[in-house]
Amino acid sequence: MSNDAKPILRAVELTKQYPTVLALDHVSYEIFPGQVVCVVGPSGSGKSTFIRCLNLMDEPTGGQVWFKDQQINAPGVDINRVRQHIGMVFQHFNLFPHLTVRKNITLAPTLLKLKTQEEADATADKLLERVGLREKADAFPGQLAGGQKQRIAIVRALAMDPQVLLFDEPTSALDPEMVGEVLQVMKGLAKAGMTMAVVTHEMGFAREVANHVLFMDHGRLVEENPPQEFFGHPQSPRLKEFLSKVL
Amino acid sequence: MFLTLEWWREAFHTFGWKFSQNFLEASRWRLLANGFVTTVEITIGAVLVGLAIGFLVAVIRTTHDKTGRLKFLNFLARIFLTVIRGTPTMVQLLIIYFVIFASVNVDKLLVAIIAFGINSGAYTAEIIRAGLMAVDKGQYEAGASLGLNYYQTMTRIIVPQAFKTILPALGNELIVLLKETSISGYIAMQDLTKGGDIIRSQTYDAFMPLLAVAAIYLICVCGLSWCVTRMERRLKRNE
């Protein structure tokens, strides 16, 4: 990716003040098309808040979020329209339990009149094939294992043809033996050129797949580097300490 | 003495005679039958009014709690809930009949439906609200993250899920309502209870008409409970 390309997502001095905690402290960062950015850090460091502020799932109290040429936390912006282009995958999957897998995937594209039911069904089948879950199309989420649910959740986000995907600790709620299958799908997406921002504890994934790794602590963006540099020559003492604990 | 054949014959004979006096003579059973129809009419009407009011109030309250919008409507809704739940149903019925509709000539049935409907609406509202709030926050977020607006998220994702959790409570509210309509005699409606009471005043026998009335209510309640349980089980299956 060339650096003169325009960023897809841009955070400018992003701040989130909760009544008693400063969760996000003037974080600025740009995500360019095709990049995979991993955000790591200790729990409570603000990394989830950061990613959730990028599609205004959490409302920032200061700073700006830009999606391409549009500041999206400005008054009068139709955030629902913007979110159609920014997919999100949650820690707890948040599949719709009352709908079949196929309906989970096709609900938003059809309801928003982006696709007809036939087109949406075709997309769903194709994407399900890609994550190896074609035969689960008519199952309900309650009948699936955690790893399968998360793969469906990824498909649900992909069905909107998003320009960027946000992952909020996508493997943290999974049994260890299911983490691999979800990371495999994410690697596939990265290879196919999907722009992704991933909050994760999977250092192996960050090292192998990310273009950039961010380290956050106490709501601040402490360090940011390509993975070899990030893991090989950490600069700040906080990151050194963190890496010595998790690696 | 219960063991003698004589006693049983006597008892059977008395029962037969009383039964015919209370229900068959002068076609008094019609008082119960017509009363039952009135009770059902009031209940069905009030349930529909109650659901409409309850749903509206619940959505206002939930929207306010989740998004901070609709401040004024939420304020009105809270006053409504406080007043209706803080005063006896019977007083509300009397006020609506003798005060609000005092100078207007309206069908008493309509008055009863409105009074019980408003009352039930307050309780239904809190049932529906609890159901909407009980749906996991992640479901709202999932809807929002896909670009659905609040209304679309509500109608396609939240309400269908809330429905399952509120159905048993709504069924109970229907049962409570059915029994509560027994006070409509106070605005001179001839419902089931009043029917039994009129028979009592004509035959001077309290036992038979009042137990018959109680039995009819009980059968209705058991039937409704059975329906609710069945529906619950059917909804559970798609999970």
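How many residue pairs are in polar contact across the interface of chain B and chain A? The rule finds four, with both residues at pLDDT 80 or more; a polar contact here is a pair of N or O atoms within 3.5 Å, one able to donate a hydrogen and the other to accept it, and residues adjacent in sequence count only if both atoms are side-chain atoms.

Before going on, some ground rules: this is a predicted model, where local features need pLDDT of at least 70, side-chain atom pairs count only at pLDDT 80 or more, and totals for chains, interfaces and linings use all residues. Residues are numbered from 1 along each chain as its sequence is written, chains are lettered from A in the order written, and side-chain values use heavy atoms, leaving out hydrogens and water.

Back to the interface. The contact (heavy atoms within 4.5 Å) takes 24 residues from chain A and 20 from chain B. There's one salt bridge between the chains, meaning a side-chain nitrogen of Lys or Arg within 4 Å of a carboxyl oxygen of Asp or Glu. A:Arg52 pairs up with B:Glu141 in a salt bridge, their closest N and O atoms 2.7 Å apart.

Now look at the buried area, which is the accessible area (1.4 Å probe) that two parts lose on being put together, summed over both. Between chain B and chain A that comes to about 1,900 Å², with 63% from carbon and sulfur atoms. On the chain B side, B:Ser145, B:Leu146 and B:Arg156 lose the most area to chain A, together 32% of what that side buries.
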